Amino acid sequence: MVSEYSQVSGPGLFVFETNQLLDKLELLILGSEKNGGLQASMDEVFRIMHTIKGSAAMMAFQNISLVAHSVEDVFYFLRENRQTTVDDSKLTDLVLSVVDFIKGEIAKLETGKSLTGDASGLTNAIQAFLAEIKTLDPVLAGLPLKSDYEVMRQSFIEACRIEGEEGQTICEAVVFFDDDCGMENLRALTVLSELGTYAQKLEYAPGDIVENDATADLIRYEGFRIWFTTTASMTALHDFFAQVMFLKEYSLMAIDHSDASKPRIPRCIDLDGPLVTASESAGQPADATGDSEQSLAAKQSFISVNVAKMDTLMDLVGELVIAEAMVTQNPELQDLNLDKFFKAARQLRKITGELQDVVMSIRMVPLAATFHKMTRIVRDMARNLDKQVELEIVGEQTEVDKNIIENIADPLMHLIRNAVDHGIEPVDVRAAKGKPLTGKVRLEAKNSGGDVWIIVQDDGGGLNREKILQKARERGLLDQDDSGLTDKQVYAFILKPGFSTKECVTEYSGRGVGMDVVAKNIAAIGGAISVDSAEGVGTTMSIRIPLTLAIIDGMTVKVGDSVYTVPTIAIKESFRLREQNLITDPDNREMIMIRGQCYPVLRLHERFKIKTAVADLYEGIMLMVELEGKSACLLVDALLGQQQVVVKALPGYIKKMQGIAGCTLLGDGSVSLILDVDGLIQT
Amino acid sequence: MKVLTVDDAVFIRVTLREMLERHGYEVVGEASNGIEGVKKYNELKPDLVTMDITMPEMDGIAALRKIKQINPQAKVIMISAMGQEKSVKESILAGACGFILKPFNEEQVIRGLSKFKS
């Protein structure tokens, strides 16, 4: 049986699993904070901390193990005592800071640094917290002993009073355990419970191994003594002792009847160890399998696959689809009567198509993890800025390509910060305006056609049209009468570089990363952002992103003998040039005037130095492309068609050149270069 | 010797598997919680089970009890952490045939389990 994790080495697996657990824990803590208390999720928190502690100890990461242990202790106590008077927000803060600490250490591990973080301060704080809640507990001491142990112990003691009967041997055994095995008293208990199948009557010393964990030391040095009556043969008994785990040595002998019946030698235990009373309630509490827990369990079922493998698979499937087309649509097959072949070919095409869909879907990851990170950001910001903000998450199950997830997290975080910092007003302002005191930020994702929309909406102060216009005038962004601009056009100015209407810089926003960077990052993954707002009511940022970067909609165009692919998203329109539209500027550059706007002309054959028969602007086709507000008209010979293409990076031996984004294989097996519209317009 | 490992931490399961397989044990199955553990015990009938105590869905002690119901002779070794004395006691009373403390090393595990290798 091959382990599905065989690709991940020890520390890698530790990092992967611990990160997963931490994410889950964070989600849980934040979720329960919202739902009024950690009570419901205590078992889960306890378990996660316990697991992290165990794994970290195995890896010899003492600092992580210790701090996790301290949290585990707190939750163990809470779990057992079901205390309700705990300061939840303080506990939440402590747990979150532990999560942060461990995450920091794990990040160091991932980058190959040594773990240097000192958690002693944190550990002390948690221990102090535990001590504090313990003093609050009115019924900490004095709970009855657990009955099971009591019964078992009594039965042992009573047994010893009865003497050996006919046919029974009385034996004495002294048992020593391995030095490093730990919990010797419980190992002794194991021996007793197993020996029960051979022995009729049992007596042992020390006699309080169940109640007193300090007896472990005594057993370690002096051994554990058992007297018992049995009908089993000595061989069977030797076999039994040979099977005791971590047994270092033992002696076993049959003794005289009178010896066994003499009173038990009381063993003096002069150890200062704490007397542990089994004050805890019996058994583990039944798991409350609520809806939230079930959804967590559903989220957990992942396997880890190397992304590079996924990329290769994607690549290969892309080539397979093309190879399939090259075979089944081969020109040499034309006019041949090949019914059976075409039947088989149709089957092949169906399967390759399905295969492509499946591979695509494997790369799809739900936005949930990214979205839930925002919960933490909103919470921390709201606390520090003294605002009341609630984050509503909708459509977190929407899936997008993994690459896109990685690129969307930063812009999204920026938008959320903006919404909380600049959008949502302080409580007093909201009260004065008659709004609900708690501001609302809504983070929504939804599928629409081939795109995914992510919408960040707040019910804060909204954008001020006048302020933006004024700033735009100062920056010289407005050169014409601005009264005719629509609100959307005005709001779009905030996406321009260096545009900030917020004077004060806070800890969270305005760190020099403006909305222009957000817009640029989103454009880099083929998306677009738009802004809508109503003053006093709120702001809505809508981001449209493609499902995947690996496949784009492309327009294939012909220039000379070459075929280029232009991303459809960049194309505004295509048209044949009419005479009245062409103008030349004083530098003799050709411009095309359309609806009052001037667009520079870019002849692709000149740009790429290709010989073509179609050099005349009136003979070819003009493609108007636009990206990030810059536009140009590209001259191509002809449009060939529109299709989805699988984007491939240019091979390493080809020098990276501006204006080319990558390449793709066309249905007939020929290579087409994909134009980088942004790069083309820049030059 | 067929072993089933039950632990919610993948890391521990993989570590145990590697340790055991290096010493001629056959890890026939892994489970990440008690329910799964009992189910796999039923299917695979291993000679030995290593059972974590703290797990989601169904903890190790409950799973141990179920396994003991299925087969009173079942050999179940608990994997426990320091400080879990109470749970260890409970599991011994429920019929665990031994326990290994975390953090463990390869030598300890193999030494502990060697008693059951016949």
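Buried means under 20% relative accessible area and exposed over 50%, with partly exposed in between (1.4 Å probe, protein chains only).

## Basis

This is a predicted model, in which local features need pLDDT of at least 70 and side-chain atom pairs count only at pLDDT 80 or more, while totals for chains, interfaces and linings use all residues. Residues are numbered from 1 along each chain as its sequence is written, chains are lettered from A in the order in which they are written, and side-chain values use heavy atoms, without hydrogens and water.

## Helix α19 of chain A

Helices (H or I, at least four residues) and strands (E, at least two) are DSSP runs, numbered from the N terminus. In α19 (residues 515-524) of chain A, the buried residues include A:M515, A:V518, A:A519 and A:I522. These lie on the same side of α19(A), because they cover an arc of only 95 degrees around the axis, taken from the directions from the helix axis to the C-beta atoms. On the other side, A:K520 and A:A524 are exposed.

Cover for the buried residues comes from elements including α15 (402-423), β10 (528-534) and β11 (538-546) of chain A, where contact means heavy atoms within 4.5 Å.

## Interface of chains A and B

Contact joins 48 residues of chain B to 49 residues of chain A. Between them the two chains bury about 4,300 Å², 61% of it on carbon and sulfur atoms; this is the accessible area (1.4 Å probe) lost on being put together, summed over both.

The rule finds one salt bridge across the interface, that is, a side-chain nitrogen of Lys or Arg within 4 Å of a carboxyl oxygen of Asp or Glu. B:R111 and A:D178 meet in a salt bridge through their side chains (2.2 Å, N to O).
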